[in-house]
Amino acid sequence: MSNKTNACRLLDKHKVPYTVHEYEWDEEHLNAKHVAQQVDLQVEQVFKTLVLRGDKTGVIMACIPAHKELHLKLLAAVSKNKKVEMVPMKEILELTGYIRGGCSPLGTKKNYPLFIDESALSLQLISISAGKRGLQIFLNPADLIKVSKATSASLTM
């Protein structure tokens, strides 16, 4: 496959079943709701990856449903921080190796602590960025949690 990304290679290494789906994208439509329409999934199944910085832990990542907003205080509590804030967009590439609209929770430059909204556990299949705009990975959320060593918790409003 010509679209192998670091995220795909990590899943291959762990022998995790997944599929890759391409879709049309443009600068005006990088949001996850648009992605859900493009890959023909319910918006609840499409998870966006956010990069944050905690006051005690440094960089952390959160994976939440596309149609929800991250509750910063919930993430701070579960990540053992007093407060967390979004990393400025200009820092995302340097920290993760990914750009906005193509940030995957897998295959980042460093293994940052990952927190996944617990709603993923009620689904058989979720979609995450494959690490490139226009490319999504469909996989079982339990497999994502296992491979990434993520913590599942209530993270959204």
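**Reading the fold, step by step**

Modeller: Let's begin with burial: buried residues make up 48% of the 157 residues in the protein chain. Keep in mind that this is a predicted model.

Biologist: How many helices and strands are there in the protein chain?

Modeller: You'll find five helices and eight strands. Starting at the N terminus, the order is α-β-α-β-β-α-β-α-β-β-β-α-β. The chain's radius of gyration is 14 Å, close to the 15 Å from the globule rule for 157 residues, so the chain is as compact as a globular protein of that length. Its C-alpha atoms fill a box of roughly 40 × 30 × 30 Å along the principal axes.

Biologist: What share of the contacts join residues at least 24 apart?

Modeller: Take the contacts between residues at least 6 apart in sequence: 63% of them join residues at least 24 apart.

Biologist: And the surface, how much of that belongs to carbon and sulfur atoms?

Modeller: The accessible surface is about 8,400 Å², and carbon and sulfur atoms account for 50% of that. As for charge, the chain has 21 positive and 16 negative charges, and their mean positions lie 9 Å apart.

Biologist: Let's zoom in on one residue. Is Arg133 buried or exposed?

Modeller: Buried means under 20% relative accessible area. Arg133 has 17% relative accessibility, so Arg133 counts as buried.

Biologist: Where is Arg133 found, and what does its side chain reach?

Modeller: Look in the loop between β6 (126–132) and β7 (135–139). From there, the Arg133 side chain reaches the backbone oxygen of Arg100 at 2.7 Å.

Notes: Residues numbered from 1 in each chain as written. Predicted model: local features only at pLDDT ≥ 70, side-chain atom pairs only at ≥ 80, totals over all residues. Heavy atoms only, no water. Helix = DSSP H or I, 4+ residues; strand = E, 2+ residues; numbered from the N terminus. Rg over C-alpha atoms; globule rule 2.2 N^0.38 Å. Buried < 20%, exposed > 50% of the residue type's maximum accessible area, 1.4 Å probe, protein only. Contact = heavy atoms within 4.5 Å. Areas by Shrake-Rupley, 256 points an atom, 1.4 Å probe, with all protein chains shown as cover. Lys, Arg positive; Asp, Glu negative; His and termini not counted. Charge placed at Lys NZ, Arg CZ, Asp CG, Glu CD. Polar contact = N/O pair within 3.5 Å; in protein donor to acceptor, adjacent residues only side chain to side chain.
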